[in-house]
Amino acid sequence: MEDFEDDPRALGARGHRRSVSRGSYQLQAQMNRAVYEDRPPGSVVPTSAAEASRAMAGDTSLSENYAFAGMYHVFDQHVDEAVPRVRFANDDRHRLACCSLDGSISLCQLVPAPPTVLRVLRGHTRGVSDFAWSLSNDILVSTSLDATMRIWASEDGRCIREIPDPDGAELLCCTFQPVNNNLTVVGNAKHNVHVVNISTGKKVKGGSSKLTGRVLALSFDAPGRLLWAGDDRGSVFSFLFDMATGKLTKAKRLVVHEGSPVTSISARSWVSREARDPSLLINACLNKLLLYRVVDNEGTLQLKRSFPIEQSSHPVRSIFCPLMSFRQGACVVTGSEDMCVHFFDVERAAKAAVNKLQGHSAPVLDVSFNCDESLLASSDASGMVIVWRREQK
């Protein structure tokens with residue numbers, strides 16, 4: 001990975017969604033350093049000492065745990081236009097949202113039966129490329145090909161604010177800063193990432209940086225100190241995020257594969273005795289799902305392994321399973337252009353495939369688990385959203 005000029009940065013701040021003291025950030029930084037600098041050789045999964053956590057999840061193998069009973073529900077309100085993103089609300093079992101290239105966002109409720117579309121958010125004049133739930137699920141932020149981002153109230157579907165892209169470019173992705181939900185990062189078609197204060201609607205000073213291509217994917221680490229951004233030229237950049245000011249400092253660059261668009265980045269920080277390596281999951285139009293180890297505090301990446309999928313042109317996304325730290329082995333889930341949802345065990349040396357769900361009639365673009373993994377949602381290029389029910393043991 002390439003190095004960029006270092007820049008001093010503060011670590012203390014307080015966001016309006018969480019009240020956290022400076023001492024807490026210093027402790028978190030110490031924990032991160034302990035993980036990065038004194039990490040034994042190993043993996044992203046629990047150590048042999050994780051018996052208590054595995055007991056919470058049940059004594060089942062990954063294959064048994066990720067067996068599915070079939071389709072719970074199919075949402076077809078966006079048929080004929082791709083649904084690039086589907087997401088369950090944070091820490092929620094039954095609330096789901098999806099965005100469509102038809103320019104709208106659907107908020108759905110899965111219980112009580114039958115599952116229903118609560119409301120459809122309309123206002124964007126072109127396709128919605130991405131959206132994100134705030135930590136408390138009261139706000140959604142969306143980005144669109146109409147060169148605007150919108151802030152929505154999830155309770156009544158009201159558009160609180162429309163914010164034009166600073167460059168007047170198509171907006172392609174977004175993510176909330178995980179500690180301070182006043183700040184959102186967006187990526188656009190003019191190769192720029194911008195940190196935006198959604199309360200004021202203004203770009204944060206020093207919160208912009210240029211990549212080598214159209215910005216397609218963004219992900220923070222859990223403490224919100226590191227941001228990764230991927231572009232359509234095959235590069236992933238890491239940025240140091242100043243918690244006090246929102247300033248971005250470019251740190252490292254990894255060329256995953258020259259000319260292969262990076263369509264998804266998912267970060268998972270393991271800063272506990274039971275799980276050792278912070279990791280990044282990346283889709284990059286290489287017919288592979290890539291798992292990287294984060295090796296230092298500046299976001300340097302080292303390839304751990306890859307898994308075969310079909311992806312050569314569509315913006316396919318993948319996720320870590322929410323409860324992967326609680327059982328033997330660790331599972332990731334990805335969409336694929338073969339119209340299937342694939343599950344892989346990141347620790348199994350051979351035959352890593354755990355399960356495959358078939359039911360879509362178009363490339364599967366995104367996947368999302370609810371908080372207890374009882375339901376999985378997947379969306380495809382034809383506008384179909386399928387909610388799958390896991391078998392109950």
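This is a predicted model: local features need pLDDT of at least 70, side-chain atom pairs count only at pLDDT 80 or more; totals for chains, interfaces and linings use all residues.

**Stop 1: D130 and R85.** Select D130 and R85, which form a salt bridge whose closest N and O atoms are 2.9 Å apart. Colour strand β7 (residues 128–133) to see where D130 sits, and strand β3 (residues 85–88) for R85; the pair therefore ties together parts that are 45 residues apart in sequence. D130 is buried, at a relative accessible area of 1%. R85 also counts as buried, with 11% relative accessibility.

**Stop 2: R95 and D92.** Next select R95 and D92, a salt bridge with 3.5 Å between the closest N and O atoms. Which of the two is buried, and which partly exposed? R95 is partly exposed, its relative accessible area being 23%, whereas D92 is buried at 17%.

**Stop 3: R390 and E373.** Move on to R390 and E373, whose side chains meet in a salt bridge at 3.5 Å, N to O. R390 belongs to strand β29 (residues 385–390), while E373 is in the loop between β27 (364–369) and β28 (375–380), so this contact links parts 17 residues apart in sequence. Both R390 and E373 are buried.

**Stop 4: a network.** Finally, select R126, E170, R214 and D232 together. Salt bridges with shared partners join R126, E170, R214 and D232 into one network.

Notes
Residues are numbered from 1 along each chain as its sequence is written. Side-chain values use heavy atoms; hydrogens and water are left out. A salt bridge is a side-chain nitrogen of Lys or Arg within 4 Å of a carboxyl oxygen of Asp or Glu. Helices (H or I, at least four residues) and strands (E, at least two) are DSSP runs, numbered from the N terminus. Buried means under 20% relative accessible area, exposed over 50%, partly exposed in between (1.4 Å probe, protein chains only).
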